[in-house]
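This report first takes up the overall build of one chain and then turns to a single residue of another.

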Amino acid sequence: MTAGGSADPAVRPALDPPARFGLGRVSDLLWRHPGATVTAMLALPALWLCVIYLGSLAALLAHSFFSIDHFSGMVRYDLTLDTYAELFTPANFDIILRTVAMAAAVTLASAVIAFPIAYFAARYARGRWKALFYLGIMLPLWSSYLVKVYAWKLILAREGILTWLFETLHLSWLLDAYLALPVVGGTSLSTSYTGTFLVFIYAWLPFMVLPIQAALERVPASMLDASSDLGARPSQTFRHVVLPLAAPGIVAGSIFTFSLTLGDYIIPQIVGSSRLFIGQAVYTHQGTAGNIPLAAAFAVVPIVIMAVYLWIAKRAGAFDAL
Amino acid sequence: MLTDAHPAPDPSDAAGTPDKACPAVSFRGVSLHFGHIRAVDAVDLDIAEGEFFALLGPSGSGKTSCLRLIAGFEQPTAGHITIFGKSAVGVPPYRRHVNTVFQDYALFPHMSVIDNVAYGLKIAGQDRASRRRAAEEMLALVQLPDIGARSPTALSGGQRQRVALARALVNKPRVLLLDEPLGALDLKLREQMQEELKTLQRSIGITFVFVTHDQGEALSMADRVAIFHDGRIRQVGPPEEIYRRPRSPFVADFVGSSNVLPPEFVRQLTGRTRPASLRPEVIRLAPEGQAATVLDHSFLGAATRLAVAMASAAGSARMHVLLRPGDAVPEVGDTVRLAWEPDDLHVMEFEE
């Protein structure tokens, strides 16, 4: 026995007596009933999720099956599919197509830009570099979204820094040629779809980088060695091993970029042509127009699109590596 | 045309014409340094074709780095590696007909077992039917038929090990590299796999280079063993030679935990001021022997091991002694008398 061995082992009891009151008693009780612990932890979030979150979603869904009386402007509470039919009028359907195309383009471009960044962070960055990576990715999220969008408007405006840069480099003809293109062009970058596209990518890129990085982080280096060892060139290793293993991260990231683009109404309003996106349509229909059912029907569109997208992704095996 | 630096690979290399006179793998002054760390330091090594060669050493001794140099995952900082006589300098892993069984098996989790095994053949451009047939044959060879459709994540450690083996062997490598392949298995399975690997190597006849930190595994399986320590090879030879005639105290102690007697002590016994190795099992209890005090005894199952202190004019030496069956186990503090054949005391060349 060492001298520091405190009390005589014969005196010290092997078990402490049970707590009779206070936190000790609660701890003992919860320890004996692990189910109660889980229930206590989940009760509040479950209540929130069911009542406030799913409840309002149900109310939204319900409203999309009502319609509006165009004479009185009142909501008619009879179940109907008329409101959905209204989505397919050319004006409304254009809005949906425009938004989906933009969301797809933004998602694709974000994935292409985010992948190398995430790959570097997961494979090569260590210690200080990793901290710098997280800081660099998260920093834009610390400032106000509105300020960032307006800053971009200044960058992209006709009198903005980009125009100046092209002039300085004697490349104005290039910018003008680009702006003369149909669809993607316009009077200036800040009033074109290209501008909207660039700002969307800027705003959502962190949401694409982080999930991809997390997925790549879980791929052990030996997996890449093994592929190379079995004769695969780097490009083949990328296609057959890296990409499938990163797929869950890419899908997770694209859920963010896709759904955020589908629902956003601020960016297209500040930067871009004046043509509407789904978010703006919802905004105007529930506000000035007072057409809650049509707003609700518009809001259901992104939900349906996301559900279809996830179903396709699952069928394509994107979650096999999970 | 490149004229300086390294000679361009011989074009006949692609046909894979074997040169029987050449060693399968040859290292000349090979070093691999990471900054100040000398993972591999001026290693010379020749591994013959068809040999079962073990790289044995404690962790961090450079044995796995040597394996990665052969596979091509690392390029040497200095020195030259040839594989069947052809320079491997600057040749990427995917152009080497060398395959590896990884320590963590590195099976692809998003592919079925059969697709894992057929991966190398798929990359090589074989058609689906023939590569599946080859993969199934290989799974049968490692005694895992009928699991091709399963996911590797659903397999036990031993099964994954066999799948990793099949995935490497299906490519008919000239050299198979195994990085501590049995390390994650429990003792019983490990012993069984040791025998199977040895039988497999004999039957297919290709060169196996096997990394392990388990000296028992290296001694029982390999034709020759290289002992690594601090990035250098300390001794190369057949297991028996390494065991009986270690060249340095490190080798003596690492392989089979020999008693390393200090030089002054050995001078008393032999007149030579050199360290010596004395295996615990060659020491016997004998009334005419030297006196030693028993410090401890441990029951090992097959034998009982005594820790004793043997006093001499040059001070006291601590030794282990394996008792023979039937020997009475002395109590701690008892004095025993120990003797051995003069030949069994192996005086070593190197002090370090």
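How many helices and strands does the secondary structure of chain A come to? In this predicted model, chain A has 14 helices and two strands, where helices (H or I, at least four residues) and strands (E, at least two) are DSSP runs numbered from the N terminus. Because its radius of gyration of 28 Å is well over the 20 Å that the globule rule gives for 322 residues, chain A is more spread out than a compact globule; the radius is taken over C-alpha atoms, and the rule is 2.2 Å times the number of residues to the power 0.38.

| Property of chain A | Value |
|---|---|
| Box of the C-alpha atoms, along the principal axes | roughly 90 × 60 × 40 Å |
| Buried share of the 322 residues of chain A | 37% |

Buried means under 20% relative accessible area (1.4 Å probe, protein chains only), and areas come from the Shrake-Rupley method with a 1.4 Å probe.

In chain B, R96(B) lies in the loop between β5 (86-87) and β6 (98-101). R96(B) is buried yet has no salt bridge, that is, a side-chain nitrogen of Lys or Arg within 4 Å of a carboxyl oxygen of Asp or Glu. The nearest side chain of opposite charge, D229(A), is 8.4 Å away from R96(B), with Lys and Arg counted as positive, Asp and Glu as negative, and His and the chain ends not counted. Leaving aside neighbours within four places in sequence, R96(B) is in contact (heavy atoms within 4.5 Å) with residues including L69(B), I70(B), Q75(B) and V91(B).

Residues are numbered from 1 along each chain as its sequence is written, while chains are lettered from A and ligands numbered from 1 in the order in which they are written. Local features need pLDDT of at least 70, side-chain atom pairs count only at pLDDT 80 or more, and totals for chains, interfaces and linings use all residues, while side-chain values use heavy atoms, with hydrogens and water left out.

Conventions
Buried < 20%, exposed > 50% of the residue type's maximum accessible area, 1.4 Å probe, protein only.
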